[in-house]
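Good morning, colleagues. Please take a moment to look at the sequence and the structure on the screen before I describe them.

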Amino acid sequence: MLSFRKAGTASSASSAMSLVGTQYEAVIPGASITSQGIEYFITAQDAGGNAGRWPAAGFYSVPVRIDGEGLSRSIAQPSGSEQTAYRL
């Protein structure tokens with residue numbers, strides 16, 4: 001089982017992994033991958049009931065690179081003194 005989340009969020013989603021040839025694969029929906037990256041961990045269990053988790057605690061983190069002009073907005077950000085109205 002592949003568990004993943006948008007980097008920096010608390011809740012995660014899961015996707016069942018399937019055997020393709022000699023490797024296991026899973027699909028992560030594109031909407032789950034943001035400019036902040038994605039984090040994941042894998043759990044597995046064999047027929048004997050032995051289980052494992054990788055990494056043992058926490059998540060693996062995958063950074064995302066944005067090429068070209070990066071993220072932009074066609075209109076100006078509002079200005080003000082509120083925490084949510086700032087310019088970067």
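Accessible areas come from the Shrake-Rupley method with a 1.4 Å probe, and for residues only the protein chains shown count as cover.

Ile-66 belongs to the segment after β7, a strand of residues 60-62. With a relative accessibility of 38%, Ile-66 is partly exposed, because buried means under 20% relative accessible area, exposed over 50%, and partly exposed in between.

A word on the source: this is a predicted model, in which local features need pLDDT of at least 70 and side-chain atom pairs count only at pLDDT 80 or more, while totals for chains, interfaces and linings use all residues. Residues are numbered from 1 along each chain as its sequence is written, and side-chain values use heavy atoms, leaving out hydrogens and water.

Now to the overall picture. The protein has zero helices and seven strands. Here helices (H or I, at least four residues) and strands (E, at least two) are DSSP runs, numbered from the N terminus. Of its 88 residues, 15% count as buried. The protein exposes about 7000 Å², and carbon and sulfur atoms supply 53% of that area. Among contacts (heavy atoms within 4.5 Å) with a separation of 6 or more, 40% are between residues 24 or more positions apart.

How many salt bridges does a search of the whole structure find? The search finds one, a salt bridge being a side-chain nitrogen of Lys or Arg within 4 Å of a carboxyl oxygen of Asp or Glu. Glu-39 forms this bridge with Arg-5, and the closest N and O atoms are 2.7 Å apart. The pair links distant parts of the chain, with Glu-39 in strand β5 and Arg-5 in strand β1 (residues 2-6), 34 residues apart. In general, side chains of opposite charge can pair when their charged atoms come close.

Strand β5 itself covers residues 38-45. Is Glu-39 buried or exposed? Glu-39 is buried, because its relative accessible area is 14%; Arg-5 is buried as well. Leaving aside residues up to four places away in sequence, Glu-39 touches several residues, including Ser-3, Phe-4, Phe-59 and Tyr-60.

Technical notes. Buried means under 20% relative accessible area, exposed over 50%, partly exposed in between (1.4 Å probe, protein chains only).
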